[in-house]
Amino acid sequence: MTALKNDRFLRALLKQPVDVTPVWMMRQAGRYLPEYRASRAKAGDFMSLCMNPEFACEVTMQPLDRYPQLDAAILFSDILTIPDAMGQGLYFETGEGPRFKKVVSTMADIEALPIPDPHKDLGYVMDAVSTIRRELNGRVPLIGFSGSPWTLATYMVEGGSSKDYRKTKTMLYDNPQALHLLLDKLAQSVTSYLNGQIMAGAQAVQIFDSWGGNLSAAAYQEFSLAYMRKIVSGLIREHEGRKVPVILFTKGGGLWLESIADAGADALGLDWTCDIGNARARVGNKVALQGNMDPTVLYAKPEAIRTEVGRILASYGKGSGHVFNLGHGITPEVDPEHAGAFLRAVHELSAQYHE
Ligand code: CP3
């Protein structure tokens, strides 16, 4: 394997010294980029991009080619590949987000769900990882990812996106054994899926618990965090002679950072509702932090973006352990020039915080 030319992302996740604060953007390969929209048109649709390793590699590389400041690549795929591989029949209705042909509503539905084999059932993802690693040729590390069991369960029970997670929460309170069985199957699936990605070449992994923040404090512990802890304890933590850092990102999890920091991961993702300096004081030396600029700041002018980047860097303060990112995905309406201004500001303004 080629040696990494830029490893500041991996170093910051492990709180090792860096020259400047590393940066990447959630959803960095996406619709705000004209070159992404062109590739998607060529492939036909979003899932065809994900399922063809050459296309997945092409769109993964697009933001890196445009922005030399990016310190990490993220596998181009989706969290819903697992429910699809369990037989739910994922499809995307234009402008409507993800949908499933089958929904999960009873204990019998859940008992019948298979646990996907990453190589047999999700081989296209493993191939995308190895294709991207080859193409990166050591430029920056590659991040693999999965959804959290709770977040995946909401899509499987609701049949798509949801505002209130009504069916999933009804199951949680009326039929917790059924939901626990579903979450347990998902935790097993996610563990082997992420281990497959690591063996195929992912150098760090992130678990997206996008909807964990919608749970009550007690339900979060029992129905989301417990399963992420289980996954983390089953992950391969060293590969190719290097640590493989694990990042947990619960959107809306700011009130629970102390307990998330105890789940065994190396780093926590933060949305923009918490102050990163305060978060750092709360988690202490246990974990690194990733985040946390409000993605809507990117609608503002470059000078305003730069001010906000400076404010977040100052709040985190001196030393390693911070990976700069947005607090959630970049949106399709963002001007690519503004994303560039954001990335440049992170490197330019952060040198003063490192020795
Ligand atoms: O970050 C990256 O660049 C890697 C690619 C990536 C995608 N989805 C591509 C995508 C990642 C890491 C994801 C994760 C994902 N997918 C999450 C967790 C992160 C988060 O945003 O909280 C979730 C909840 C999903 C489920 C999902 N996929 C939804 C709700 C949608 C539709 C919403 C939307 O933004 O339109 C998708 C589709 C999707 N996944 C797109 C992309 C680039 C847009 C599809 C398109 O091109 O039309």
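**Figure 1. Ala281 in helix 14.** Ala281 is part of helix 14, which covers residues 276-283 of this predicted model. With a relative accessible area of 64%, Ala281 counts as exposed, because the cut-off for exposed is over 50%. Leu13 is 268 residues away from Ala281 along the chain, and the C-alpha atoms of the two are separated by 17 Å.

**Figure 2. The two sides of helix 10.** Helix 10 runs over residues 166-174, and its buried residues are Thr168, Met171 and Leu172. These three lie on the same side of helix 10, because they cover an arc of only 105° around the axis. An α-helix has 3.6 residues a turn, so residues three or four places apart point the same way. Arg166, Tyr173 and Asp174 are exposed and sit on the face of helix 10 turned away from its buried side. The cover over the buried residues of helix 10 includes helix 6 (107-111), helix 9 (149-158), helix 11 (176-200) and helix 12 (217-233).

**Figure 3. Positions annotated as "binding site".** In the unreviewed UniProt entry, the annotation "binding site" covers Arg27, Gln28, Ala29, Gly30, Arg31, Asp78, Tyr155, Ser210 and His328. The annotated residues do not all gather at one spot, because they span 302 residues in sequence and the farthest two C-alpha atoms are 22.7 Å apart. From this set, the lining of the largest pocket takes in Arg27, Ala29, Gly30, Arg31, Asp78, Tyr155, Ser210 and His328.

**Figure 4. Gln28 and Gly30 in the loop between helix 1 and helix 2.** Gln28 is placed in the loop between helix 1 (8-13) and helix 2 (34-43), and Gly30 lies in the loop between helix 1 and helix 2 as well. The relative accessible area of Gln28 is 1%, so Gln28 is buried. Gly30, at 9%, is buried too. Not counting residues up to four places away in sequence, Gln28 touches Leu33, Pro63, Leu70, Ala72, Ala73, Ile74 and Ile330.

**Figure 5. The largest nonpolar core and the surroundings of Met293.** The largest nonpolar core has 128 residues, of which Phe9, Leu182, Met293, Val309 and Phe342 touch the most other members. Helix 11 supplies the largest share of this core, with 11 residues. In soluble globular proteins, nonpolar side chains tend to be buried together. Leaving aside neighbours within four places in sequence, the contacts of Met293 include Trp272, Leu298, Ile305, Val309, Ile312, Phe324, Leu326 and Phe342. Glu308, Asn325 and Gly327 are also in contact with Met293.

**Figure 6. Aromatic pairs.** Eight aromatic pairs are found in a search of the whole structure. The pair of Tyr220 and Trp256 is stacked, because the ring centres are 4.3 Å apart and the planes are at 20°. Tyr220 belongs to helix 12 and Trp256 to the loop between strand 8 (246-250) and helix 13 (257-261), so the pair ties together parts that are 36 residues apart in sequence. Tyr220 and Trp256 are both buried. For Phe324 and Phe342, the ring centres are 5.7 Å apart and the planes are at 70°, so this pair is edge-to-face. Phe324 lies in strand 11 (residues 322-326) and Phe342 in helix 16 (residues 336-350), so parts 18 residues apart in sequence are tied together by the pair. Phe324 and Phe342 are both buried. Elsewhere, ring pairs link Tyr36, Phe46, Phe76 and Phe92 into a cluster.

Definitions and conventions
Residues numbered from 1 in each chain as written. Predicted model: local features only at pLDDT ≥ 70, side-chain atom pairs only at ≥ 80, totals over all residues. Heavy atoms only, no water. Buried < 20%, exposed > 50% of the residue type's maximum accessible area, 1.4 Å probe, protein only. Helix = DSSP H or I, 4+ residues; strand = E, 2+ residues; numbered from the N terminus. Arc of directions from axis to C-beta. Contact = heavy atoms within 4.5 Å. UniProt positions renumbered as here; feature names shortened; annotations may be inferred. 1 Å grid on protein atoms, 1.4 Å probe; cavity = no way out; pocket = protein on both sides within 12 Å on 5 of 7 lines; lining within 4 Å. Core = buried A, V, L, I, M, F, W, Y, C linked by side-chain atoms within 4.5 Å. Phe/Tyr/Trp six-rings, centres within 6.5 Å; stacked < 30°, edge-to-face > 60°.
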